[in-house]
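Colleague: I'm new to this one, could you walk me through it? I'll just ask things as they come up.

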Amino acid sequence: MMTQIHGDSPETDGRPRVGLFVTCLVDLFRPGVGFAAVKLLEDAGCTVEVPRAQVCCGQPAYNSGDEGSARRIAMQVIEAFQGFAYVVGPSGSCMAMIRKDYPVMFEGDAAWHARAVALAERSYELISFLTDVRGVSAVSASYHGNATYHDSCSGLRTLGIKEQPRALLSTVDGLTLAELQDAETCCGFGGTFCVKYPEVSVKMVSDKVANIEMTRADTLLGGDLGCLMNIAGRLKRLGKTIRVFHAAEVLAGMAGPSGIGDPEKD
Amino acid sequence: MQAEGKNFSSRASKALADAGLQQQVSKLKTGFVAARARAVAALPEYEAMREAGAAIKDHTLENLDFYLERFEREVVKRGGHVHWAADADDACRIVREICARAGARSVTKGKSMVSEEIGLNAALEADGLEVVETDAGEYIVQLAKEAPSHIVMPTVHKTTEDIADLFFEHHGRHGFSERVTDAAALIAQVRSVMREKYFSADVGITGANFLVAETGSNIIVTNEGNGDLTCTLARVHIVTAGIEKVVPTLNDAALFLRLLARSALGIETTSYTTLSTGPRRRGDVDGPEEYHVVLVDNGRTKMLSGAFRPMLRCIRCGACMNHCPVYLAVGGHAYASVYPGPMGAVLTPMITSHEAAGELPHACTLNGRCQQVCPVKIPLPDLLRRLRHDQWEAGFIKGKSRWGLGIWSWLATRPSLYRLVTRFGAGVLGVLGRSRGGFRRLPLAGGWTAGRNLPAPQGTTFHAAWAKGKKRL
């Protein structure tokens, strides 16, 4: 039996071929999240590939009003992820862009619209893919700490991600999860918003930090690196010891000693 | 505080430093947000009501000419007059002419955002008329020579102490010589001052929450009863209303009243729901001698024909701003627009211009909470993004935002080159920052590092590590 991957076939040895959409922030700032995603997907019975011609989902351009550039980037993503059974990424924000916005972006172009819809239908955020598509109900990982969870806006409101990460995190050995007050309130990241309006953004993330501290958790988890870098950046600026991880890192048992924004300890 | 400054950032900066304002807006977050959530949770049919509300509005907007003409016929049938105003100047001119014909000297006003939009008070005062806002909140901002900072709660930015100071300064001539800070005593002063004004007013001007096409009625909701007195005690009642306020039937209006009270204040119904239908009839014990409705377009028909039509569903409940983390951080005056918050950021460029609205569509994280709570399901984030697109196409977005994004987009469509750059970047930043965890300062990242550390990359990119066959970092 061949174990290597066949061209455009959506399955390999009965295992669905998943194209990993790494996301630009994970690629550059937290590659560990990408490896955690690969492990979780493989544990869930998938074959994972990482198409080379991917960079970004195009959201910075799209949300700034530059739809022309956003479409060019989207076309590149659509091309790169042809033929996979699923496309999965460790971000509610990027995957909401692919699922909801790509089809809208190509409304005037029948051929590309069809391709965008075909991609959108196969695209999922990592953790909700594990629970909702692959039926994963538990992970074998341990993490010793008391965590709280921030719901990132796009994942929550566009993709309906709320219970899925909590359900899987509740099966992590040694981890307790406390609910965060105003967990559904934006942390102030907002893509380019955080650098265009730093004062307003810092006020918003400061409120988020105050709520996190109120839970007395030692760890903050979430599903989007943009929000997590924003929150971690504020926590570390304030000298807080609360550690910040992408939920995938904890679920994969790959959280390591250093959270986002912490000095490297190994 | 009336936030001043040349742009949103500088006004926001002042608002963030204003302790009184911060204390006031935080009450919105704890008070009204929780009250709305309770009111909505108590209605199992709430989602179905939202669906129905959006559908009725869409149907009405699709047939707006029909319903407006029907409304006009019904008003005229009952002895009233309908005036069509193309823009703000036109609307002000019509109201001024009605006042002049009536020989009016004093005007009482119920709360009306469209009158703020068209700048009616200034126009009437220029004619030498005395104009008195009768809604307590509007009265307070009028005394303070400010604009409302919220479409439902105009004084949300003012503390009780601010109001006590204002009344102490202005109410001496009404016989109140002591400074009081007790809410009941402050309200009692407003009532006392208003009584004189209601009876001496020649013209009463109100807004409209809904115009009912089948009966020619105007509906306003208040919690103070000032609306009733404004429209019944003066000789002439003028309604100023945007053309999108029309609904087909009284039954439809009932649905919107339920949505409005819950979304605005988290209550089941407002204290007063006032219908006015034409002037005083023979045998009526009260009511105005003349009844006028000024239907204001001011950019609305332009919206009707394009992508922004859903914005015309808006029933002005203010839920979008009560739930907007940006509004809650900076308050309404930072927007420097008649309509603040998410709905204002969409509406302002439509009723003014992209230039005048400036960066309002960008002062938003696109977090989507406003759309989630909107009682008529307006896709506010999509509309804000559409405005950004229109601004981009029209070349309003310039400088660093434009070329910075241009470089990024160019690089993002060249994966191999992008890999080289990011590998280098991750390597250098990793070496420089990993031992400390992040950067307190970094060239070109000043916006980020103003109040946050920039977490250091882990030293390699995912793609570089994956290409080497690694399975973990």
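Modeller: Let me begin with chain B, where the domain assignment gives domain 1, covering 50–301, and domain 2, covering 399–467. Please keep in mind throughout that this is a predicted model.

Colleague: How far apart do the C-alpha centres of those two domains of chain B lie?

Modeller: The C-alpha centres of domain 1 and domain 2 of chain B are 54 Å apart.

Colleague: And chain A, what does its domain assignment give?

Modeller: For chain A the assignment gives domain 1 as 11–132 and domain 2 as 138–251, and the C-alpha centres of these two domains of chain A lie 22 Å apart.

Colleague: How many residues of those two are in contact?

Modeller: In chain A, 29 residues of domain 1 are in contact with 22 residues of domain 2. On the domain 1 side, the elements that give two or more residues are α1 (24–29), α2 (31–43), α3 (59–64), α5 (92–105) and α7 (126–133) of chain A. By class, that side of domain 1 of chain A has 14 nonpolar, ten polar and five charged residues.

Colleague: Stepping back, how many helices and strands does chain A have?

Modeller: Chain A has 13 helices and nine strands, and along its principal axes the C-alpha trace of chain A spans about 50 × 45 × 30 Å.

Colleague: What radius of gyration would a compact globule with 266 residues have?

Modeller: It would be near 18 Å, and chain A has 18 Å, so the two agree. Buried residues make up 60% of the 266 residues in chain A, and, among the contacts in chain A with a separation of 6 or more, 75% come from residues 24 or more positions apart.

Colleague: Let's look at some strands. Which strands of chain A pair with β2(A)?

Modeller: Strand β2 (residues 15–20) of chain A is joined by two bridges to strand β1 (residues 11–12) of chain A, and these run antiparallel. With strand β3 (residues 47–49) of chain A, β2(A) pairs in the parallel sense over three bridges, and three bridges also join β2(A) to strand β4 (residues 86–89) of chain A, again running parallel.

Colleague: Which residues are partners there?

Modeller: Glu11(A) has Pro16(A) in β2(A) as its bridge partner, Gly19(A) is partnered by Glu49(A) in β3(A), and Val18(A) stands opposite Tyr86(A) in β4(A).

Colleague: What do β1(A) and β2(A) form?

Modeller: They form a hairpin with two residues between them, and Asp13(A), which is in the turn, has a positive phi of about 50°.

Colleague: Now β8(A): are its faces covered or open?

Modeller: Both faces of strand β8 (residues 219–222) of chain A are covered, with Thr219(A) and Leu221(A) buried on one side and Leu220(A) and Gly222(A) buried on the other.

Colleague: Which strands does β8(A) pair with?

Modeller: Four bridges join β8(A) to strand β6 (residues 142–150) of chain A, and the two run parallel; here Thr148(A) stands opposite Leu220(A). β8(A) also pairs in the parallel sense with strand β9 (residues 243–246) of chain A, over four bridges, where Gly222(A) has His246(A) as its bridge partner. Together with helix α12 (residues 225–237) of chain A, β8(A) and β9(A) make a right-handed β-α-β unit.

Colleague: Back to chain B. What is the order of the open sheet of four strands?

Modeller: The order in chain B is β8-β5-β6-β9, with mixed pairing. The edges are β8 (246–247) and β9 (272–276) of chain B, and because each has a single partner strand, one side of each is left without a neighbour in the sheet. Within this chain, strand β5 (residues 210–212) and strand β6 (residues 217–222) of chain B pair in the antiparallel sense over three bridges, and Val212(B) has Ser217(B) in β6(B) as its bridge partner.

Colleague: I clicked on Pro154(B). Where does it lie?

Modeller: Pro154(B) lies in the loop between α8 (136–143) and α9 (160–170) of chain B.

Colleague: Is Pro154(B) buried or exposed?

Modeller: Pro154(B) counts as buried, because it has 25 C-beta neighbours inside 10 Å and the cut-off for a buried residue is 20 or more. Leaving aside neighbours within four places in sequence, Pro154(B) is in contact with Gly137(B), Glu138(B), Val141(B), Pro148(B) and Ser149(B).

Colleague: Last one: how many residues of chain B are in contact with chain A?

Modeller: 57 residues of chain B are in contact with 61 residues of chain A. By class, the chain B side has 25 nonpolar, 24 polar and eight charged residues.

Conventions. Residues numbered from 1 in each chain as written. Chains lettered and ligands numbered in written order. Predicted model: local features only at pLDDT ≥ 70, side-chain atom pairs only at ≥ 80, totals over all residues. Contact = placed C-beta atoms within 7 Å. Nonpolar A, V, L, I, M, F, W, Y, C, P; charged D, E, K, R; others polar. Buried ≥ 20, exposed ≤ 12 C-beta atoms within 10 Å, placed from the backbone. Domains from an automatic or database assignment. Rg over C-alpha atoms; globule rule 2.2 N^0.38 Å. Pairing = 2+ DSSP bridges. Right-handed = clockwise from strand over helix to strand, strands pointing away.
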